[in-house]
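Have a look at it on the screen.

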Amino acid sequence: MRGVNRVMLIGNLGKDPDVQYLEGNIAVAKFSLATTETYKDRTGKLISQTEWHTVVLWRGLAELAQKYLHKGSLVYIEGRLRTRSWEDKEGNKKFATEVVGDNLIMLDKRNDLHGQGFNGGHGEGLEGFTGEDAPPEPNPDLPF
């Protein structure tokens, strides 16, 4: 049986997207996304728990993020988990788990953007990029 690696998140950007361009002018955007779950404890007190996720977008979606997203933007991100490992300068093994997004819907209530979605994984993506355009793995030495 095949496995499933899908992630769906709705949250707010913790900072403006950091966009870099790799060889071949390939755009990659990286930003933190906060998702908050609210529930009541046994005493009825409202408890909020925030999780932080690192999101990576490639090519057209990265350029879209650079153009339209900013700290605080509310977005829906769909993608897959990817864990990378590398050795730092001292030889210590480091790990990072990221959400590699292939679908982005901006949820901010702005007249010019409301309800627009950009899908990078189903053949209808910005500039024709699809999920089959497998990007190279990011260089762990990049400063973001």
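So, salt bridges. The count here comes to 5. Keep in mind that this is a predicted model.

Let's take Arg6 and Glu78, whose side chains meet at 3.2 Å, N to O. Arg6 sits in the segment before E1 and Glu78 is in strand E5, so this pair ties together parts of the chain that are 72 residues apart in sequence.

Next up, Lys30 and Glu98. Their side chains form a salt bridge at 3.0 Å, again N to O. How far apart in sequence are those two? Lys30 is in strand E3 and Glu98 in strand E6, 68 residues apart, so to speak a link between distant parts of the chain. Are they buried or exposed? Lys30 is buried, with a relative accessible area of 13%, and Glu98 counts as buried too, at 3%.

Then there's Lys94 with Asp88, at 4.0 Å, N to O. Lys94 is partly exposed, at 37% relative accessibility, and Asp88 is buried, at 19%. For this one the cut-offs matter: buried means under 20% relative accessible area, and a salt bridge needs the nitrogen within 4 Å of the carboxyl oxygen.

Okay, now the fold. The protein chain has 1 helix and 7 strands, and from the N terminus the order goes β-β-β-β-α-β-β-β.

Which strands does E3 pair with? Among them is E1, antiparallel, over 2 bridges, with Leu13 standing opposite Leu33 of E3. E2, residues 18–22, also runs antiparallel to E3, joined to it by 5 bridges.

The hairpin has 5 residues between the strands, and here Gly44 has the positive phi, near 90°.

Last topic, the inside. The largest nonpolar core has 20 residues, and those with the most contacts inside it are Phe31, Leu33, Leu57, Leu69, Ile77 and Leu104. Strands E1, E3, E4, E5 and E6 each give two or more residues to this core, and so does helix H1. Apart from it lies another core of 5 residues, including Ile26, Val28, Val56 and Val100.

Let's zoom in on Ile77. What does it touch, beyond neighbours within four places in sequence? Its contacts include Val7, Met8, Leu9, Phe31, Leu33, Val55, Val99 and Leu104, and also Gly101 and Asn103.

And a few totals for the chain. Buried residues make up 38% of the 144. Of the contacts between residues at least 6 apart in sequence, 56% join residues at least 24 apart. The chain exposes about 9300 Å², with 48% of that supplied by carbon and sulfur atoms.

That's my tour, happy to take questions.

Key:
Residues are numbered from 1 along each chain as its sequence is written. This is a predicted model: local features need pLDDT of at least 70, side-chain atom pairs count only at pLDDT 80 or more; totals for chains, interfaces and linings use all residues. Side-chain values use heavy atoms; hydrogens and water are left out. A nonpolar core is a set of buried Ala, Val, Leu, Ile, Met, Phe, Trp, Tyr and Cys residues joined through side-chain atoms within 4.5 Å. Buried means under 20% relative accessible area, exposed over 50%, partly exposed in between (1.4 Å probe, protein chains only). Helices (H or I, at least four residues) and strands (E, at least two) are DSSP runs, numbered from the N terminus. Contact means heavy atoms within 4.5 Å. Accessible areas come from the Shrake-Rupley method with a 1.4 Å probe; for residues, only the protein chains shown count as cover. Two strands pair if DSSP finds at least two bridges between them.
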